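Please keep the sequence and the model open beside you as you read.

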Amino acid sequence: MRPIFLLFLTFLASSTILAQNQNLKGRVVDARNNEGIASAGIQLIDTEYNTQTDSLGFFSIKTPDLPEFHLRITHVSFINQTIKTQASDSILIQMQVDNLLLKAVDVSGQSDRLLKNGLQRIEPLSVNETATPFNEFNQVLATLPGVVSNNELSSSYAVRGGNFDENLVYVNGMEIYRPFLVRAGQQEGLSFINPDLVGKIEFSAGGWEAKYGDKLSSNLLIDYQQTEETEGNINLGLLGASGYLSTQFNDKDNLLLGLRYKNAKYLFNTFETAGEYLPRFLDFQAFYNYRFSDKTTLDLLAVFAQNDYRIEPASRETDFGSFQQKLRFFVGFEGTESLSYSSFQGGARLRHLLTENFRTSVILSAFSTSEYEYNNTEGSYQLCDVDRDLSSDTFDECISLRGIGANYNYARNFLYAQVAQAILRNDWQIQKDHLLAFGFEYKKQYVNDNLDEFEFRDSADFAQVNRVVNQENNLEATFANVYVQHEWQINDRHSLNSGLRLNYGSNTEEWLLSPRVQYQVILHPDKSGQFNFSTGLYRQFPFYRELRDFSGNITPDVRAQSALHFIGSYSKNIELWERPFQANSSFYYKQLYDIIPFDVDNIRLRYRPELNADGYAYGADFRFSGEFVPGMESWFSLGLLSTKENVEEDNRGYIRRPTDQRVTASIFFQDNFINDPSLKVNLKLQIGSGLPVGFPNSLEGRSIFTGEWYRRMDVGFSKQFMGEKIQNLEYIESFWIGLDVLNVLGVSNTISYSWIEDVNGQTFAVPNSLSARFLNLKGIVKF
């Protein structure tokens with residue numbers, strides 16, 4: 001047994017030690033002609049063991065010492081399947097071609113995990129078995145280069161200098177939306193993506209193809225899985241629970257059901273603000289797939305979420321400053337703060353193969369949210385100097401009072417929003433090496449927002465701030481676009497994708513063109529490397545959130561934001577210690593036009609639509625991934641970034657944008673114990689340089705300070721038991737128990753600041769911290 005810290009410091013040495021496993025060998029072939037299928041994914045279900053077939057379809061995968069296994073075989077051009085097989089020297093797997101998938105690029109030996117048309121394939125991980133507070137998929141996504149999340153309580157993330165609202169997310173072709181009124185990470189419920197249901201993941205940090213979307217920063221495509229056997233799990237932990245079931249009514253359909261419950265009360269009790277926390281978040285998802293024939297399939301998706309957050313704060317005590325000059329901020333509270341919101345999203349996707357070379361897809365979806373925010377809290381506070389003299393009888397006690405005061409917050413806010421969307425996508429394989437895609441999208445949004453809030457602070461003339469918002473907004477807007485793109489496989493090494501989008505937004509009455517190009521070349525004699533160059537113009541019409549200013553007023557005449565991307569990427573598949581690895585590097589530059597300045601307050605974005613600005617972002621991302629330990633994927637990521645904006649009205653020239661995190665680094669590492677592969681450990685480490693900080697409600701004071709670095713390490717330990725080895729539990733496939741040590745180092749990371757002024761007129765930024773160290777016990781039963 002190796003201690004985790006020794007493992008972390010000596011990962012290169014420990015990764016070469018092999019667990020006691022057996023080998024399962026086999027070949028994956030096309031059922032039509034028995035030819036080998038290259039780059040098919042092979043995953044041993046309920047374990048972290050996975051591999052890919054070689055150019056002839058052969059594979060070898062490490063397996064535990066068990067009599068039989070469940071294997072999941074996936075490929076972008078074939079119907080995914082799950083099989084049960086007994087331990088043997090070699091097996092043959094035949095896959096049926098998916099006639100509904102058209103693919104112009106089919107280069108032998110090219111890994112599906114290399115970048116294609118600006119999208120990179122990501123292998124799904126068992127998020128339930130990794131060390132994250134709430135089993136959120138986005139917490140693992142945040143370990144990728146270029147992706148930033150400095151809040152373990154939230155599923156929000158920023159990409160390459162963008163903000164939380166600039167990321168496209170599609171689930172089975174349906175666009176996903178965030179709630180509107182949520183201000184802080186602890187108020188946020190479960191993210192839309194249920195990790196138990198995920199089958200395929202593709203992600204782009206910029207430079208994606210024309211057929212997808214109109215946002216500035218990133219594109220995430222999720223397809224829910226389809227299985228041929230009844231399976232499921234039950235997940236219980238101190239911070240919540242979840243359940244998953246996959247079943248079939250006949251050989252033509254598949255039903256996925258997912259239920260998640262999150263109760264973070266115990267974790268929230270580690271905050272500096274003591275009180276009665278009552279958070280309850282519930283999410284239910286149903287996904288149904290029916291295959292009418294080899295030419296026609298129907299997907300149905302329904303999601304309902306009910307989220308309630310309530311706190312009755314009692315007190316807060318925060319120490320800040322240096323050892324030589326330490327200050328203490330204390331607040332006693334009365335009252336209640338709560339946020340409640342319900343959301344529903346549903347949709348259908350019908351795919352039909354009109355001819356052997358022409359496929360069409362019709363996607364209809366709708367989203368609605370009803371959100372209510374209540375706040376009626378009063379706090380009496382004091383700011384004092386703390387005695388730092390170690391020899392003093394009053395060491396670490398208040399010795400001088402800088403000021404006292406009171407603050408009162410009131411809010412009765414209600415928001416209702418609806419979005420309906422229709423998408424038509426067509427793919428036409430004109431010739432073997434030419435694929436033409438074209439389509440149409442239409443979106444209608446309606447928002448009714450009632451704001452009634454004010455804030456009052458008074459402390460005997462040393463600080464007095466009044467803010468009153470009383471506003472009702474109704475907004476209707478229509479968005480439409482058409483796109484066309486051509487994908488050309490020039491030869492077995494070179495391919496070119498070029499496309500154009502024409503967009504219209506009724507709120508700005510603009511017609512906008514968005515040309516995009518991706519060029520790809522396969523390198524090296526064994527085709528193990530790849531270079532990609534992407535460029536394109538990306539547009540984002542302002543949604544309701546971007547149009548509302550600090551006072552709650554709508555600014556109607558706001559132009560669409562634009563970003564011109566230039567991205568060069570190099571990927572290389574490497575074999576070390578007879579195991580697969582991959583090195584990725586990207587260099588990018590983004591020119592930003594007509595952008596809307598914003599400030600970040602926890603996870604709330606406060607836009608300034610009355611201002612005009614342009615800007616830029618440039619940087620480099622690096623990632624090295626592979627099986628440092630056989631059968632278990634790990635990676636190391638590094639991101640370098642600089643992003644600035646020039647606001648015309650402040651006369652300050654280019655200043656740092658609120659998301660200008662210059663350096664980010666992350667590690668996701670998995671290992672098992674040398675004598676028992678069922679005992680596993682995983683580590684997630686994130687480091688990020690300080691973000692710019694400024695005075696609230698001050699144009700001249702934006703981004704004038706730099707906050708503290710973000711540092712967080714989570715470690716998870718787990719043990720897996722196989723059901724057939726446990727007496728009277730033959731119906732259970734496996735039982736898993738885990739212990740997560742969250743925030744191992746106990747770092748008090750800062751998410752935002754409260755600004756306090758003393759009797760001398762000096763202003764202090766009081767840090768608001770995230771969660772402290774926490775132990776989370778959880779278990780999973782799989783059947």
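## A cysteine pair

C398 is partly exposed, with a relative accessible area of 36%; buried means under 20% relative accessible area, exposed over 50%, and partly exposed in between (1.4 Å probe, protein chains only). This is a predicted model, in which local features need pLDDT of at least 70, side-chain atom pairs count only at pLDDT 80 or more, and totals for chains, interfaces and linings use all residues. Residues are numbered from 1 along each chain as its sequence is written, and side-chain values use heavy atoms, with hydrogens and water left out.

Which residue is joined to C398 in a disulfide? The partner is C384, with the two sulfur atoms 1.9 Å apart. Strands (E, at least two residues) are DSSP runs, numbered from the N terminus. C384 is buried, at 1% relative accessible area. A search of the whole structure finds one disulfide, a term that stands for a pair of cysteine sulfur atoms within 2.5 Å.

## Charged pairs

The structure holds 43 salt bridges, each a side-chain nitrogen of Lys or Arg within 4 Å of a carboxyl oxygen of Asp or Glu. One of them joins D385 to R402, with the closest N and O atoms 3.1 Å apart. D385 lies in strand β21 and R402 in strand β22, so this pair ties together parts that are 17 residues apart in sequence. D385 is buried at 16%, and R402 is buried at 14%.

Another salt bridge links D599 and R608 (3.4 Å, N to O). D599 is buried, with a relative accessible area of 17%, and R608 is buried at 7%. Elsewhere, salt bridges that share partners join E317, D319, K326, R328, R388 and D396 into one network.

Q582 is found in strand β29 (residues 579–595) and counts as buried at 6% relative accessibility. Its side chain makes polar contacts with the side chains of Q120 (3.5 Å) and N584 (3.0 Å). A polar contact is a pair of N or O atoms within 3.5 Å; within protein, one must be able to donate a hydrogen and the other to accept it, and residues adjacent in sequence count only if both atoms are side-chain atoms.

Q120 has F203 as its bridge partner in β13. Strand β8 and strand β13 (residues 198–204) pair in the antiparallel sense over three bridges; strands pair if DSSP finds at least two bridges between them.

Terms used
Helices (H or I, at least four residues) and strands (E, at least two) are DSSP runs, numbered from the N terminus.
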